[in-house]
Amino acid sequence: MLEDRATAVSSPTQWPAAYPKGYAVVDVETTGLARDDRIISAAVYRLDERGEVEDHWYTLVNPERDPGPVWIHGLTSEVLEGAPLFGDIAEEFAARLDGRVLVAHNAVFDWQMIAREYARAKREAPVRQRLCTIALSKELGLPLPNFKLESLAAHYGVVQQRAHHALDDARVLAEAFRPSLRAAAAGGVRLPLLECRPLTEWSDRPVPRQSSGGHGGYGGYRTTSWRPSRKRPACPYPNPGRYEDGKPLKQGMRVAFSGDTSVDRDLLEDRATEAGLHVASSISRLTSLLVTNDPDSGTSKVVKARQFGTPIVDEAAFGQLLRDVEPADGQRHGTA
């Protein structure tokens, strides 16, 4: 059962009328981060409008394929063999999301994985809005050293028991979300809600099942590791220099991507281009920013970024930055 923390903000007497009437705090563990990866476990904590827990639910899911990074989530093929398929738990999962705002840490990732699973099952998840606790932490100006879940948990004195276990991660997030929600309500902060758009079309590419005994098997099945180059129009704005932490992106900045992204890479690059950024295929001293979900991966782009001192942010932070890109010098705001 969740406990009130000494650092929690007391619930305001006047609760904002525009706030949602219920939340579903979600965490999913997956076989990886790419478009064709699958959910292998899921947990939901249902909260009322003020963040109080109503109930919780957890399930394993058989992905019918290699389970991916077992050394992270601990779920082997043997453990998942007798688990239900996603289609078997889709109705129960949907009932726990129905009519609520989906809350997750880096919510775009959880939502994309959930939306893909429902599209495969030829159904739609009954959720229309999501709230990312990273974005909420930024709106509240929390003094966090970074935006990892463990840092948010430590800020509110929440103890993690089993990291990368969906049920415990969802519990930790629910405990941290409640005081964040109360702080937002007390300060009249507008919640950073985003639309959840279900996928209406889906085509699966076959992914072979492989042994999960070692790291090599995980890397062997990816069908998205090679991507053909795409011809993009030249960026019309001059490069204003490097991105500075705490400041907005500016049109003309050179942005590079490395590793898997929860949003399809082409779509992410298209969004960057539409915002007036220059999407670069490599890292140089002129690169303004590198976006990667694995800054310790040791890829050539990450290594070069470290050498050149290029700023690095993850996909969730980049998604927030894309919401408010500063116009290039001489451009009126909103004309790009």
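By class, the residues lining the second largest pocket split into 14 nonpolar, 4 polar and 9 charged. Here Ala, Val, Leu, Ile, Met, Phe, Trp, Tyr, Cys and Pro count as nonpolar, Asp, Glu, Lys and Arg as charged, and the others, Gly among them, as polar.

A word on what you are looking at. This is a predicted model, where local features need pLDDT of at least 70 and side-chain atom pairs count only at pLDDT 80 or more, while totals for chains, interfaces and linings use all residues. Residues are numbered from 1 along each chain as its sequence is written, and side-chain values use heavy atoms, with hydrogens and water left out.

Back to the pocket. About 840 Å³ of space lies in it. A pocket is an open set of points on a 1 Å grid over the protein atoms alone, where a 1.4 Å probe fits, with protein on both sides within 12 Å along at least five of seven lines; lining residues have an atom within 4 Å of a point. Grid points are joined across faces, edges and corners, and the volume is the space filled by probe spheres set on the points.

Which residues sit closest to the centre of the second largest pocket? They are Val108, Gln112, Arg130, Val263 and Arg271, out of 27 lining residues. At least two lining residues come from each of helix H4 (107-120), E5, E6, helix H9 (265-274) and helix H11 (315-321). H4 gives the most, with 6 residues. Helices (H or I, at least four residues) and strands (E, at least two) are DSSP runs, numbered from the N terminus.

Stay with H4. Glutamate 117 lies in that helix. Is glutamate 117 buried or exposed? Glutamate 117 is buried, because its relative accessible area is 1%. Buried means under 20% relative accessible area, exposed over 50%, and partly exposed in between, with a 1.4 Å probe and protein chains only. What does glutamate 117 touch, leaving aside neighbours within four places in sequence? Its contacts are Arg38, Ile39 and Phe86. Contact means heavy atoms within 4.5 Å.

Now the loops on either side of H4. Asparagine 106 is in the loop between E4 and H4. Its phi is positive, about 65°, although it is not a glycine. Asparagine 106 counts as buried, because its relative accessibility is 17%. Lysine 122 is in the loop between H4 and E5. Its phi is also positive, near 60°. Lysine 122, however, is exposed, because its relative accessible area is 76%.

Next, the sheet. It is open, has 6 strands, and runs in the order E3-E2-E1-E4-E5-E6 with mixed pairing. The edge strands are E3 and strand E6 (193-195), each pairing on one side only. From one strand to the next, the twist averages 25°. Axes behind such angles are lines fitted to C-alpha atoms, for helices over the stretch in contact, and angles run from 0 to 180 degrees between N-to-C directions.

Two strands pair if DSSP finds at least two bridges between them. Strand E2 (residues 39-48) and strand E3 (residues 53-60) run antiparallel, joined by 7 bridges. Tyrosine 45 has histidine 56 in E3 as its bridge partner. The hairpin of E2 and E3 has 4 residues between the strands, and glycine 51 takes a positive phi near 90° there. Strand E4 (residues 101-104) and strand E5 (residues 129-132) run parallel, joined by 3 bridges. Leucine 102 is partnered by arginine 130 in E5.

Helix H3 (residues 86-97) touches strand E1 (22-30), E2, E3 and E4, and its direction makes about 165° with that of E3. Helix H7 (residues 166-187) touches E1, E2, E3, E4 and E5, at about 145° to the direction of E1.

Strand E7 (residues 254-258) runs parallel to E9 through 4 bridges. Valine 255 stands opposite leucine 289. E9 also runs parallel to strand E10 (residues 312-313), with 2 bridges. There, leucine 290 has isoleucine 312 as its partner.

Last, the whole chain. How many helices and strands are there? The chain has 11 helices and 10 strands. Of its 336 residues, 51% are buried.
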